Amino acid sequence: KDIEPPVLTLGLCPGTGLFLAVLVRMTLAGRSFTGGRVDVQVAANLSAQGRLARDALGAPRLSSQRCHVALLSLNTNLPSNVLPNVLGKFLDRILQKVLPTLLCPTMDAVLGLVNAELAPMTSEMRLGPAGTLRYSLLHAPAVTATFIELDLQTVLRRREGAEPELPAEQPPLTALPPKAEAATQLVLSAAFLSAALHAQPDAFALDVTDAMVLGLPPLVTSMLGTLIPEVSAALPPSQPLLVALRGTSSPRVSITPRATSVRLSSTAAFVASPAGTAQQTLFVLDV
């Protein structure tokens with residue numbers, strides 16, 4: 001009874017994972033061998049290491065190791081003349097044996113909650129109609145004295161099931177900006193951004209019509225006559241035009257300290273629709 005809110009201390013163990021310490025204060029109530037009521041106020045420190053590793057699905061996972069309970073203080077309402085003997089037996093036979101089995105499972109429960117939050121990392125996420133995206137760890141997490149580094153491998157799956165290949169190289173850590181204190185830093189590689197754009201080819205398929213180019217001359221054949229005389233000779237004037245933009249290769253992303261650019265290669269087909277006839281492609285430009 002009278003369990004006080006625990007005081008938790010959390011730290012990083014380089015190369016291993018997490019160090020957790022929990023200061024627990026509680027009152028144990030019962031009856032002594034003489035039949036009287038006994039209240040024992042206990043302060044104990046639970047310490048354990050949480051090892052951060054990679055599970056079979058490629059997700060980070062914490063597991064508890066070397067759980068230890070140290071008894072810090074003990075106060076009882078027993079008379080002082082019987083306290084030494086009773087206290088010795090109590091410590092040796094009960095508390096030192098019971099407290100670990102009572103408190104250590106709570107550490108496993110806490111780590112279980114954290115692992116439940118990490119598990120969705122390997123779940124597939126929808127990229128709209130383009131396909132799915134999921135992550136897995138390239139290798140075991142790297143733990144230093146100040147931060148945890150997770151290098152993630154991205155798995156893109158297109159709608160038809162094919163997986164575009166992604167380079168596995170990571171940006172050099174020396175090129176990263178300084179990490180802010182108490183902050184999460186996410187670094188995306190150019191290869192990942194290129195593949196993410198490539199997984200959505202329909203996003204770059206566009207049919208340009210009059211309604212999309214407000215403020216410009218109408219998209220009709222006569223507009224092109226001054227630039228390409230052959231158009232005027234081949235088609236009547238003022239025929240509606242459609243510009244069909246279609247991607248021809250994978251988008252390429254380049255990242256420098258000063259700028260990030262995306263290169264999209266496509267074709268622009270100029271299509272006319274003379275009255276009563278089928279659509280006719282006038283010419284195609286590489287864009």
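Four strands make up an open sheet, ordered β10-β11-β14-β15, with antiparallel pairing; strands are DSSP runs (E, at least two residues) numbered from the N terminus, and two of them pair if DSSP finds at least two bridges between them. This is a predicted model, where local features need pLDDT of at least 70, side-chain atom pairs count only at pLDDT 80 or more, and totals for chains, interfaces and linings use all residues. Residues are numbered from 1 along each chain as its sequence is written, and side-chain values use heavy atoms, with hydrogens and water left out.

- Strand β14 (residues 266-272) is joined to antiparallel β15 by six bridges.
- Have a look at A269, which stands opposite V284 in β15.

**Salt bridges**
- There are two salt bridges, each meaning a side-chain nitrogen of Lys or Arg within 4 Å of a carboxyl oxygen of Asp or Glu.
- R246 pairs with D207, their closest N and O atoms being 2.9 Å apart.
- That pair links distant parts of the chain, 39 residues apart: R246 lies in strand β11 (residues 241-247) and D207 in strand β10 (residues 206-208).
- R246 is partly exposed at 36% relative accessibility, and D207 is partly exposed at 35% (buried is under 20% relative accessible area, exposed over 50%, partly exposed in between, with a 1.4 Å probe and protein chains only).
- R37 bridges to D39, with the closest N and O atoms 3.6 Å apart.
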